[in-house]
Amino acid sequence: MNAPASRRGLFMRARIVMLATLLGCGAGAVVYRAWDLQVRRADTLRGMAEEQYLRDVALAPKRGTIYDRDGAELAVSVDADSVWGNPLAIKKAGQDARAIASHLAPLLGLDVEVLAQRLSSERHFVWVKRRVTPAQGKAVRALHLPGIAISEEARRFYPNRELAAHVLGFANVDGVGIEGLELALEDKLRGPRHTIPAVLDRRGEIVFSQQLLDERNAQGDEVTLTIDKTLQYLAERELELAVRTSEARAGSLVLIEPSSGEILAMANYPTFNPNEPNRSSNTDRRNRAITDRFEPGSTIKPFTVSGALAAGAVSPTQIIDCENGAVRVAEYTIHDSHHFQLLTPAQVLAVSSNIGAAKIGLALGRAGLYRAFTRFGLGERTGVELPGETAGILRHYKRWYDMDAATIAFGQGVSVTALQLAMGLGAIANKGRLMQPQIIKRIVDGHGEVVQAATPHVRRQVIPENVARLVSDMLVAVTEPGGTAVEAAIPGYLVAGKTGTAQKADYVHGGYADNKWMSSFVGYAPAQAPRLLAAVVLDEPMIAHQGGSVAAPVFRRVMGAALRHLGVPGDNAGALAEQAAPRKGDASKSVAAAVVAQALTAAAPSEPSLAAGEVLVPSVLGQSARQAISALHQAELDVRVQGTGLVSAQEPAAASVAQRGAQVSLRLSPPSADGSLPASTAKATTPAAAAATTSEAAPTLPQPARELIAVARPGGHDG
Amino acid sequence: MGMLGNMFSSARPAEGNVRVRRSTPTEERPREADSDRKSRDGERKTTAPAAAAATKPAKAVKHPEVTGPADAVLSATVITLVAFGIVMVYSASAVFAHQRFGSGQYFLIRQSIFAVLGLCVMVVTASIDYHKLRALTYPFLLTALALLLVTAVGFGHAAGGAARWISVGPIHIQPAEIVKVAMICWLAYSLSKKTERIRSFSVGFLPHVLGAGVVMILCLKQPDFGSAVMIGLITFFMLFTAGARLGYILGAGMLALPMVYYLVAGSEYRMRRITAFLSPFQYRHSAGYQIAESLMSFGAGGTTGVGIGDSHQKLLFLPEAHTDFISAIIGEELGFLGFLAMVAAFLLLVVRGLRAAFTAVDEYGTYLAVGITLFLGTQAFTNLAVAVGLLPTKGLVLPFISYGGSSLLVNCLAVGLLLNVSRPRVGAVVSAGESSRAFGGVA
């Protein structure tokens, strides 16, 4: 072609140029099309592309832990292996689903046939078994079966099994709260289910996210309950024992701190293991303390008496004719189990006279009784943050039948829950203030910020403080000799409380069943400075049915142990009298003192007093506060207690001579780890040494050095 | 680039020193192979192939003298494309490679090795005068056909639904890629021999069409529709260039149409490709998936692209992202401007290739250059047209850029020949004289 002049060469060049032009046209078309796609339609196409790779990926937050009030874990989330299969991949790999199933099934405790069928389905994903044990997961991994894979899933685990099961409830296999606090606090425990934009590949796996993952954002709130694990355990153990020994159908126990409304324990029996909720029946899983209402019977009488005293319908010293055990109201006859003639309101409570309560109720009047009960929180939910709470039934007084004003006054024709009962009596224990029950002490989010903290909330002043104190003093007589609940008395402490023995309504035949009872006891201690309050309810106990003989012992054991656990110093009747004495001049308080004195004389004959003059101070070193107080009371000495634990120092020293009624100061320190007494014990024999001990012992106290001061004097009813 | 240019130019004097010979047409003895034609056309003389020269060592060598280096612009363009290809193959394949082979560099390493080998092949084929390589036409073609036959009858290594590979240890050879270049060499060789008789049906047209037909059928047998079409196109392009009667070409095209229709309509997957091509987004989740993803890739790139390495479509969304559809990833990562630059590079390659065709000392060189240039250009723009949705999916790779050892090596070989042709030559006695005479004569 070096001869461009030739025609053939020219034509050839022309043809080549034609082909090149053709190619150029092709290139032009491609470029135009590229412009069309990349410039003109770029936004649309980019949107389509982004739609498939940009996803808002939902983070699976770690469900928050539930702790008891001291930080012990009650419900935690742990990672567990879940085995799944890809049936289509198995098929594609030419593997036999049945062979794989025969390998897997025995390992995981599954049925071979069912598994083989599941692995033969036309799907890309089937669960084989979720949340297997670590050993099973390891074994499955070791098999290296085609189309079988393991992924990690969070599993809710309740390390204490049945402990507080009804309070905690449980979460299902997907980590969604189904019952109890797991349900009530679902939103908080689950954590913020926020999503982050992330780039996915075609398999749907996150390639990278455009946002840094903040672990703390993917964390459910941590919940601390007011429940005390030890007390809860105690309550459950004693309740179960009582239900079993009395052959009752069921039982509930609520332990609260009346001053704050905090629930320290809430036990029910029968119970269940929240780790395996499916193995229990619905009835076992019911938190009876708040879901089951029952006719309280006599345990409601304190409310009747309080209402009547507050309204001035009855005076504390008024004598009520109890008609020797039977009285007709309307066309019905009310009976007392024992026959009484003339009783003061205090004695009505102490001996639990129905007739007396009915007469007090009638004196208060329908509207007054209804108002008093509603103010004690009957007929309305307590507002505890637990799901399924019932309000009980308190009909409006306008719909009461003629007899109702009388029977409702002693607890028939009205129904309550164990928690309502506890909170109501808590108002009497707490200077007339009805508290809001608290189950959640604190909720802390993933960043450590407190999002919710329990603060004592007074719902209302139900009765004046002086009336509350008066009734409280009356209730002490119940647990003293001559009262209906001597079984509830706790050595070293004054216990105020009330029994209840109610016939259950017979829904088949109408009226009340003769042989079905609800036995209850609700009380608190120490009566003078109430720290704890417990309500015990037993449903249909068969061995015995009196609240005083069935429920009261449960109360005593739980309350006694709880007081010791918390190191609550005791009080006694002597202190009561001493405190009441200076209040003379104040009409109501002098009345109170008189009532108390009356109650005390009625309740217990005074013991022979020791010889006047000097007494020998006994050694109480190494003893518990209760033992020491008891011993010093025996010696007719006053006691002043400081700190918690065991007595590490006493002043005056042992074997010294003191005036009868003189004060003995005790310094208490927690026992050291090896169980031996604090080293300072031996030294604490002189005032100077005691002072030194005090100063050096103080910093070692684990708890805030709260001063526990109990003023005690010898009294008639000591342990 | 400069280095390569220097290498080529430094090769020249050495060769020139040894090979400076001048021969006249009268000195040349007609070859046995051409004896029949020579008897009819006495004035026609052909350059003796190297093989023939080897058998007759005494005979004078009649090749034109190489006087200059190969086209530096052309070699620079090709090397740029290959280097760019390595980068883009890595970018497009890393995710897939990591998922499939556990190493993101799997394709990067292989493509780099092929690129080095390819450049070696290119240098070698550019260095040895193509007139001497002419003797290897038939061995090359027959080897390629044999390999193609092996895959066609079913010894091939199946991948992607078609048996297009022969496995030799860890290497997969794709005979269809080799046979394309072998066909170009053969056509150039044959057409340059036919000269004016190209216009005749029996001598100029039929043998080439039949030869191409056999190769196409072998390709279709694999099945490799894209390669068959490519070979058909190249054959027609070269016949047209050589001056075959347009009527024959059009007639053959007409005849081929029903066959194409039969092939397409008779094959379910080709029909699917057509429907997918016509409305990719309607079949976005079935047959049109790949093309729809490709279009989205281009769109996502916009004018300036998302940046190299930042493609999202390569996250397994776009199938064959590092092979047939690598241009979609290029479009996404470098945008319209990057795509335009790449098209410009290919156009430059075509222009420089045709320049080599125009300056070739003889018809053989011209045909070789035209064939190779149009093959590379057509394959490139067909691939791009498929990627942007202008043509149905064919399974053609983008020359120099797509991942693929066979294709890269063979394309480098072809460019080596093109560079070879592009070298300025003087005193192309036989060829030039023959050409002048041929051009001057009237058939």
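Trainee: Which residues is Glu262(A) in contact with, leaving aside its neighbours within four places in sequence?

Mentor: Those residues are Arg69(A), Thr226(A), Leu255(A), Ile256(A), Glu257(A), Gln438(A) and Lys441(A). Contact means heavy atoms within 4.5 Å. Keep in mind that this is a predicted model, where local features need pLDDT of at least 70, side-chain atom pairs count only at pLDDT 80 or more, and totals for chains, interfaces and linings use all residues. Side-chain values use heavy atoms, with hydrogens and water left out, residues are numbered from 1 along each chain as its sequence is written, and chains are lettered from A and ligands numbered from 1 in the order in which they are written.

Trainee: Why is Glu262(A) called buried?

Mentor: Buried means under 20% relative accessible area, exposed over 50%, and partly exposed in between (1.4 Å probe, protein chains only). Glu262(A) has a relative accessible area of 8%, so Glu262(A) is buried. Glu262(A) lies in strand 12 (residues 262-269) of chain A; strands (E, at least two residues) and helices (H or I, at least four) are DSSP runs, numbered from the N terminus.

Trainee: What makes His144(A) count as exposed?

Mentor: His144(A) has 69% relative accessibility, so His144(A) counts as exposed. This residue sits in the loop between helix 6 (134-143) and strand 5 (148-157) of chain A. His144(A) also has a positive phi of about 50°, although it is not a glycine.

Trainee: And why is Arg161(A) called partly exposed?

Mentor: Its relative accessibility is 46%, so Arg161(A) counts as partly exposed. Arg161(A), in the loop between strand 5 and helix 7 (165-168) of chain A, has a positive phi of about 55° although it is not a glycine.

Trainee: Over in chain B, why are helix 5 and helix 16 called roughly parallel?

Mentor: The axes of helix 5 (residues 106-127) and helix 16 (residues 405-422) of chain B come within 7 Å and cross at roughly 25°. That makes helix 5 of chain B roughly parallel to helix 16 of chain B. Angles under 35 degrees count as roughly parallel, over 145 as roughly antiparallel, 65 to 115 as roughly perpendicular and the rest as oblique. Axes are lines fitted to C-alpha atoms, for helices over the stretch in contact, and angles run from 0 to 180 degrees between N-to-C directions.

Trainee: What makes helix 10 of chain B mostly covered?

Mentor: In helix 10 of chain B, 15 of its 18 residues are buried. Gly243(B), with a positive phi near 100°, follows helix 10 of chain B.
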